[in-house]
Amino acid sequence: MDSWEVVRQRVREKVSHEAYENWFARTQFLNEESGTIRVLTPDKVTKTWIEQEYSPVLRQALEGLPYAGIVFETGTTDSNNNNHNSNNAGTAGSSQAASGSSAASSDGLDFAKPALSLNPKFSFENFVVGSSNQFAHAAAQAVAQSPSRSYNPLFLYGGTGLGKTHLMHAIGRALQSNYGSLRIVYTTAERFMNEMIHCIRTERMNLFQKHYRSADILLVDDIQVIAGKERTQEEFFHTFNELFDHQKQIVISSDAAPKNTPGLVERLRSRFEWGLMVDVQPPDLETKMAILDKKAGEEGVDLPEDVRVFVATKTKTSVRELEGALVKLIAYSSVSGVAINIGMAQQVLKHLTASPEKRVSMEQILKVVGERFNLTPGQLKMKTNARQISYPRQVAMYLVRELTQASLPEIGRYFGGKHHTTVLHSINKIDELKQSDATLSRMLQSMSDTLQG
Ligand code: ADP
Ligand code: MG
């Protein structure tokens, strides 16, 4: 074991698994000169990060060892001499060459251009304001009118399909037309993460950082995606600070408030809370009707009042679902050549009126399935692969999955301690069988009706 390996193993015990994988796993021992260990890091970000964040940990790790200190380096010529092909040293050796900016676009590194990434359909003009989203809308407009003056960061959160992405694009587009010279960068957290990973791999972190840190406006959608992703959060943290310190506007969206996002590191959470946090609520009936009106109008379709009421009351919460219903109606009407009417709406959208889910318990399901197969609930939970039991059990698991919120591991536990992959296998099997087996399909339907009726 070389001296760096000794130190590194001590570090490993002190830091999280992710931190170790992100920062230390790809380092390499170079040599040792008069008590100083020389270590090769794969890129500059790693070197800087280790030096800034881990020096106390490293100092601790060195205690009791006969070394004076550690020097981190990137891309030295020493490593080139070794003629490694694919390891860290080899790629690190080429980092100087990679830093030339002309290479940027020629290797798949294609940062989203705002003009392309902002959807023109998502504008303020076609965003319907109601009591559920008026605060989010007002905050978004304030930011679009005077960026970095009103709320920074602006943090929009709420359930899926409620208009967060729409508002973010609207901000971007409004800024684009109000302040043509601003560099507006819209991205999703997912994209941010993938670009980062790509850039680390290809030694282009300088470009990545330049791209994001030179933004005047940074819009990051669905930030919850990076929860639990330590390295991405670290990178985003630095991006955030750099922009914030220079009074650049940051807008973030998420499916939940920062404090309700597990895996989000504390320092990001607190920064998100510096600015304004507004939630977007599910639309109320009135807003839904207004949205339907607007969308129908955009499509040049006339929506009778009773149809509007029907669609608005039958869709549950998200605007996306509302839109989906309308699109179906329009499609049906244009194919059949019949104008949209209430009868057609009831027919085409009957999935919306299907019995609203009633809470069904696993016990009830076991009872109903047991009655059908002449088995007791206890027998259905037995640890046996006899077909007289395993088949009904699979049916029961399938129904549990269909009719309750239970997770696969929960189902497994309930059915006598089955592994969740076994549960999944059972469910898939029934799902497949019922495609070809009409009797099974009917039986499932009738049991499900009994349970929900
Ligand atoms: P989220 O990002 O919150 O999941 P989106 O912004 O993607 O939701 O919205 C889903 C769909 O609903 C989009 O097509 C969007 O245009 C539409 N939508 C949401 N809210 C509104 C609104 N208030 N007015 C008009 N359309 C809306
Ligand atoms: Mg969205």
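Okay, ground rules. It's a predicted model, so local features need pLDDT of at least 70 and side-chain atom pairs 80 or more, while totals for chains, interfaces and linings use all residues. Residues are numbered from 1 along each chain as its sequence is written, chains are lettered from A and ligands numbered from 1 in the order written, and side-chain values use heavy atoms, without hydrogens or water.

The fold first. We've got 25 helices and 8 strands, taken as DSSP runs numbered from the N terminus (helices H or I, at least four residues; strands E, at least two). Of the 453 residues, 47% are buried, meaning under 20% relative accessible area with a 1.4 Å probe, protein chains only.

Now the pocket: an open set of points on a 1 Å grid over the protein atoms alone, where a 1.4 Å probe fits, with protein on both sides within 12 Å along at least five of seven lines. The largest one is lined by 28 residues, each having an atom within 4 Å of a point. Nearest its centre are F122, H166, K295, V319 and E323. Helices α10 (164-178), α15 (285-298) and α17 (319-336) each give two or more lining residues, and α17 has the largest share, with 6.

Last, T404, in the loop between α22 (387-403) and α23 (408-414). Is T404 buried or exposed? Buried, at 13% relative accessible area. Its side chain reaches the backbone oxygen of V400 at 2.8 Å and the backbone nitrogen of A406 at 3.1 Å.

Key
Buried means under 20% relative accessible area, exposed over 50%, partly exposed in between (1.4 Å probe, protein chains only). A polar contact is a pair of N or O atoms within 3.5 Å; within protein, one must be able to donate a hydrogen and the other to accept it, and residues adjacent in sequence count only if both atoms are side-chain atoms.
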